[in-house]
Each structure stands twice: as structure tokens, then as C-alpha cells.
Amino acid sequence: MNVIVTESYEASAAWVADQICALIAAKPDAKLGLATGGTPVPVYRALIEACKEGRADFSAVRTVNLDEYWGLQPDNDQSYRYFMDTNLFDHINIKKENTYVASGLGDPQANCRALDAAVLEGGAPDLQLLGIGANGHIAFNEANPDRLIAPSHLEDLTPSTIQANSRFFDRPEDVPTKAITMGMAGIMAAKSVVLLATGASKVEAIRGLVMEDAVTTSNPSTLLKLHPNATVVIDRALADAVGYQG
Ligand SMILES: N[C@@H]1[C@@H](O)[C@H](O)[C@@H](COP(=O)(O)O)O[C@@H]1O
């Protein structure tokens with residue numbers, strides 16, 4: 001696992017955006033695994049700028065997203081489909097039919113099978129972008145003392161994740177308690193994985209990822225230690241907070 005320490009969160013986002021631009025320059029029909037949450041937003045802004053300036057061409061790029069809240073319509077302004085459209089897809093020259101966000105409605109089993117098929121269709125993602133939850137969750141694979149789940153599945157969100165997500169919702173009762181998520185197998189299938197993290201709330205999770213040798217279901221991100229091409233991108237403030245010297 002590589003660890004990149006940058007001067008600032010902005011520099012981290014620029015570094016990740018540059019990796020994505022380099023990938024799609026080398027492979028115009030690259031497949032990207034994409035993430036939601038606040039952390040990747042500056043990456044998406046940089047990709048929009050790159051596209052507008054003619055430095056990135058998404059016309060043949062394919063994407064698959066990690067997860068979707070259960071029970072939200074795609075046009076709900078808190079759905080992850082809406083997030084991806086408004087934060088990225090509507091502003092770049094990607095074909096919407098080449099983007100996949102799982103459905104949070106209908107038959108969960110069928111939706112999970114469809115997500116797993118989308119992950120593998122035409123080959124696994126060339127690059128999977130990840131954020132990280134405060135408890136170390138990736139996508140919505142929640143921290144669990146006993147086990148993680150390999151295939152895509154409907155996950156019960158933990159109280160701490162529901163609480164963290166509530167900042168985006170007007171009323172606490174609107175915050176979804178379940179989500180369809182790519183499982184650990186789908187994430188690990190990606191040819192490369194880039195995890196971006198910043199901020200005080202991520203210190204414990206990142207300490208477990210970059211400072212400790214253990215691979216543990218209680219911090220799902222630690223499974224990335226087993227991935228042959230995983231990179232963790234953190235800023236100096238976060239590196240200092242976890243005691244990372246590299
Ligand atoms: N499913 C998403 C994750 O993919 C994301 O990494 C996490 C952290 O979000 P943020 O970047 O806003 O801290 O939030 C949600 O749980």
C-alpha cells in the first residue's frame with residue numbers, strides 16, 4: 001500500500017484528479033469506480049475544470065458508483081445518483097448511459113446482482129476512488145467485529161454513520177438507515193484503488209490503515225493492505241495527527 005502525503009487537502013484532491021486525467025489520457029475508455037461523500041467533491045471540481053479546458057475527455061469513459069441509499073428516488077436531492085449528476089456528470093462530456101449508480105428502489109437482491117454485474121462488465125474498474133467513514137467503513141461496508149460481506153448487499157447503517165450522514169438531511173427521520181453497497185469483493189477487484197481522506201474525524205480510521213499492521217473487520221479500510229495497487233492520499237495535517245512520518 002502506498003501512502004502519499006500532500007501539503008493540503010486541495011493538493012490531495014489535485015493529485016487524485018491528475019491520476020484520473022493521466023489514466024483516461026492513456027486509456028480513453030477507462031472504467032472509474034466513483035465515490036460520494038464530501039471528500040471527493042474537490043476532485044470532481046478539478047475534473048470538471050480539466051474537461052472544460054480540454055485536458056480530459058470523458059466521452060468514452062465508463063463509471064460505476066460504490067453505493068446508493070435505500071429508499072430514495074434517483075431524483076431525490078440526497079440520492080447518490082443525484083449527487084453524481086450534479087457534482088460531476090452534468091458538467092463533463094460523459095455519456096450518462098456509461099454511468100452506473102445502483103438503484104435504491106425495488107428488489108434489493110436484484111439490485112445487488114445488477115451492481116456486481118456492473119462492476120465486472122467490460123472488466124473491473126481501472127481505478128476505484130474511495131473516501132472513508134470515521135469508523136473505517138469504505139463504500140457502506142460498515143465496521144463489524146466479526147465479518148465483512150464480499151458481494152454487493154443491503155447494509156444496515158450504524159448509528160454513527162447515520163449521524164454523520166444526517167448533516168445532509170433537513171430532518172433526522174429522513175436520513176436513510178440502509179444502503180445498497182458494493183461489497184468488499186467488488187472494491188478489491190479494482191485494478192487500482194485510491195483512498196482520499198482529510199480531517200480530524202478520520203484520524204482513528206487512518207491510523208488503523210497506515211500505522212498498524214492488522215487487517216481487521218472492525219476497520220474495513222484495512223483490507224486495502226491486501227490490495228496489490230492501493231494508494232492512500234492524506235494531507236500533512238492528517239499525517240501528523242496519526243503520527244505518520246513517511
Ligand atoms: N458511503 C459514503 C462513503 O463512500 C464515504 O467515504 C463516507 C465519508 O464521507 P465524507 O467524505 O463526507 O466524510 O460517507 C458515506 O458513508
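How do the residues of the shell around the ligand divide into nonpolar, polar and charged? There are four nonpolar, six polar and three charged. Here Ala, Val, Leu, Ile, Met, Phe, Trp, Tyr, Cys and Pro count as nonpolar, Asp, Glu, Lys and Arg as charged, and the others, Gly among them, as polar.

A word on the source. This is a predicted model, where local features need pLDDT of at least 70 and side-chain atom pairs count only at pLDDT 80 or more, while totals for chains, interfaces and linings use all residues. Residues are numbered from 1 along each chain as its sequence is written, and side-chain values use heavy atoms, with hydrogens and water left out.

Back to the ligand. Of the 13 residues around the ligand, those that come nearest are Gly-38, Thr-39, His-137, Arg-167 and Lys-202; a residue is near if one of its heavy atoms lies within 4 Å. The side chain of His-137 has an N or O atom 2.7 Å from an oxygen atom of the ligand. For Arg-167, a polar side-chain atom lies 2.8 Å from a ligand oxygen atom. Ala-139 uses its backbone: an N or O atom there is 3.3 Å from a nitrogen atom of the ligand.

Now the cysteines. Cys-21 is buried at 13% relative accessible area, and Cys-51 is buried at 16%; buried means under 20%, with a 1.4 Å probe and protein chains only.

Definitions and conventions
Polar contact = N/O pair within 3.5 Å; in protein donor to acceptor, adjacent residues only side chain to side chain. Buried < 20%, exposed > 50% of the residue type's maximum accessible area, 1.4 Å probe, protein only.
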